[in-house]
Each structure stands twice: as C-alpha cells, then as structure tokens.
Amino acid sequence: EGIEFDDVIWAQISSKGRDIVASMLRIVPRLRPSPAALLRSPWLRLSRVGAPGQTVRGLYRNAMLNMRESQFKKLLYRVIAEQLYKDHAHMTSVAETIIALDKNSDGLLDYGEFIEGLRKFPDLLDAIPDPVSLFEVIDRNGSGLLDCMELAAATLPLKLTREPKILWNAFRAFDRAADGILTLDEVVETARLLEGPVLSPPQLDELVEVLGAEMESLRMASDGEAATADRSQGGACRPRRYRQIDFEEFVFLCTVHEKNGLCGKIMQKEVFRIVHSCADYDLHRVRAKVGPLQWPPSDENAAAWVAPSDENA
C-alpha cells in the first residue's frame, strides 16, 4: 500500500518531497534508494546562493588565525560553536558560504571546493604556506569533507570568542561539577564528549594527551588534586601549587592573545575576582543571566543549519 501523508503536516511539501520520503519507507531494504541516490535527488540538493565576498573572505581569514591556537583554544571554539543557535549571524555566514562553494550541492566541502573558494582571495592564498594543512586542521574527523560545525568552530571571529556571555556559557559547559572551578578531568571529559563520536580511539587518545600536557603547563589540577589542594596549602600566604581556574581565570586564558597589555589584564582579572569573592558582585555581568544551556551537543543542533532550497518548500 502507498504511504498516506497527513494534509495538515505535508501540505507545504512538494510531490517530489513526498515521493522521496515514501521511497525511504519501503519495507524491502533493497528497494530503498542508496545514500548516493538520495544526494542526487533534486529535493535534497541545496540551491546555490551567492554569499557576500567579504563574508567568505572573513571566514577564511579567521580559519588562518585560529589554526595557530592551542588545542585547548580549539576545543573551546568547538564548544562555543555547538552552543550557538542556528540563526546566529556566524552560523548563517557559515551556511551561506558552504552553499555558495558547494558545487555538488551535498552540503559538504571537499578540498577542491575549499581551495577553489580560497583562490578568489590571492592575498590570503599567498599568506598560507600550506593550504592542505589548513583544510586538515578544520577537518576534525579526517573525512576529507568539511561540515557546518567543523567550519563554524574553525572560523569563529576573535570578537565572538571574547564576549563574556559567550565565555560564561562555554565555562558552564566545561564545569561539569558546577562548582565554579575547572579541572583537568573536566576538560578531558568535555573533549571526549565532543570529539569521541567523530575521532578514532587513537586520534582521541592523542588529543587527550596533548590537552593534558597543555593543562599541566597551566598548573591545572585534576579532580583529586583540586579536592586536596586547599587542605595541603597550610598557611594562607603560601603560594598555591595548582592554578585555580575559576571564571575570571578562564576569561583571562581565553582572551589573552599577545603579551602587550598583559599586566593590565592580570590586574583586571584579580580585581574582578576579589569583587566577586568579597562583594558577591559579578563585574562581567553574566552570572546572574543564567538561561537554558545549549549543552551537551545534539545531532539536531549540528544539522539544523541547512536552509531549505526552493524545491524543499
């Protein structure tokens, strides 16, 4: 028997759309269309739209700058990208860019499509010694194809990564214990949650090892070390062995990109920390604005960026 579509729900879907859904619901598996056949369907192919040249250029430039960051910063950027709503300006720019560069309309960018877009900006191309390395840094899972979330995380603008509200939500995602202090274990757990589904076990282990080394260089305590650190310090005036990564320290670590003005940033961090500790007042003005947290990441969030093409209506 044929599939019956409810008039209310399916009234706005074209006959081509209903036909392809019905074909995927066939009882006999061999009669269902293959993934390749589905991607060739006009109903699923994305319409080509032109993204503003300045938008595309800005994303390529951001990717060049962000690829130089530490693994911790790259993990932070992936957390931020997962938390952005699909209608955020950055996600919209990424979606428009992918659609504009995506020649085969499969919703992904291969290296050829990526490099062809980069060639439109000769000055940027000349500034990249190895475009292959840039593509591989963005391509987290090594699939040879860039999806929306990979490109969104790799091309976050610097201004966005410095917004207190954005950083507060990212801090809450890392702070699994919700105690206001980040530990090495929480950073590793976040990496496993976010990267586990896309990386092979050896790749994940290598990432965790690099993150561990970076966190140890910052003197970030593990869960067990954080629990005993205060009790082992003795006198109040003795220096801490471990660095306390509260929100003020987190903001400092995430926003310092050069040594110029470093003393001023350190002073600001300590003033903000003292005011919050002693007066219970948040000079960042974000702690009281606690809304629903976009975390943990969901498959729906990762796939929801695609704007319908004309034939999808």
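**Close-up 1. The side chains of R243 and E249 meet in a salt bridge, with 2.6 Å from N to O.** A salt bridge here is a side-chain nitrogen of Lys or Arg within 4 Å of a carboxyl oxygen of Asp or Glu. The model shown is predicted, so local features need pLDDT of at least 70 and side-chain atom pairs count only at pLDDT 80 or more, whereas totals for chains, interfaces and linings use all residues. Residues are numbered from 1 along each chain as its sequence is written, and side-chain values use heavy atoms, with hydrogens and water left out. E249 also forms a salt bridge with K269, where the closest N and O atoms are 3.0 Å apart. This pair links distant parts of the chain, since E249 lies in helix α15 (residues 247-255) and K269 in helix α16 (residues 262-279), 20 residues apart; helices (H or I, at least four residues) and strands (E, at least two) are DSSP runs, numbered from the N terminus. Salt bridges that share partners join R243, D246, E249, K269, E270 and R273 into one network. With a relative accessibility of 3%, E249 counts as buried, a word that means under 20% relative accessible area, while exposed means over 50% and partly exposed in between (1.4 Å probe, protein chains only).

**Close-up 2. A salt bridge joins K103 and E116, whose closest N and O atoms are 3.1 Å apart.** K103 lies in the loop between α6 and β1 (109-110) and E116 in helix α7 (residues 111-118), so the pair ties together parts that are 13 residues apart in sequence. K103 is exposed, with a relative accessible area of 51%, whereas E116 is partly exposed, at 35%.

**Close-up 3. Helix α4 (residues 53-66) and helix α6 (residues 89-101) pack at an angle of about 105 degrees, with their axes 10 Å apart.** The axes are lines fitted to C-alpha atoms, for helices over the stretch in contact, and angles run from 0 to 180 degrees between N-to-C directions. That angle makes α4 roughly perpendicular to α6; angles under 35 degrees count as roughly parallel, over 145 as roughly antiparallel, 65 to 115 as roughly perpendicular and the rest as oblique. The contact (heavy atoms within 4.5 Å) is made by T55, V56, L59 and Y60 of α4 and by H90, S93, V94, T97 and L101 of α6.

**Close-up 4. N62 lies in helix α4.** At 13% relative accessibility, N62 counts as buried, and N62 touches A154, T155, L156 and P157, not counting residues up to four places away in sequence.
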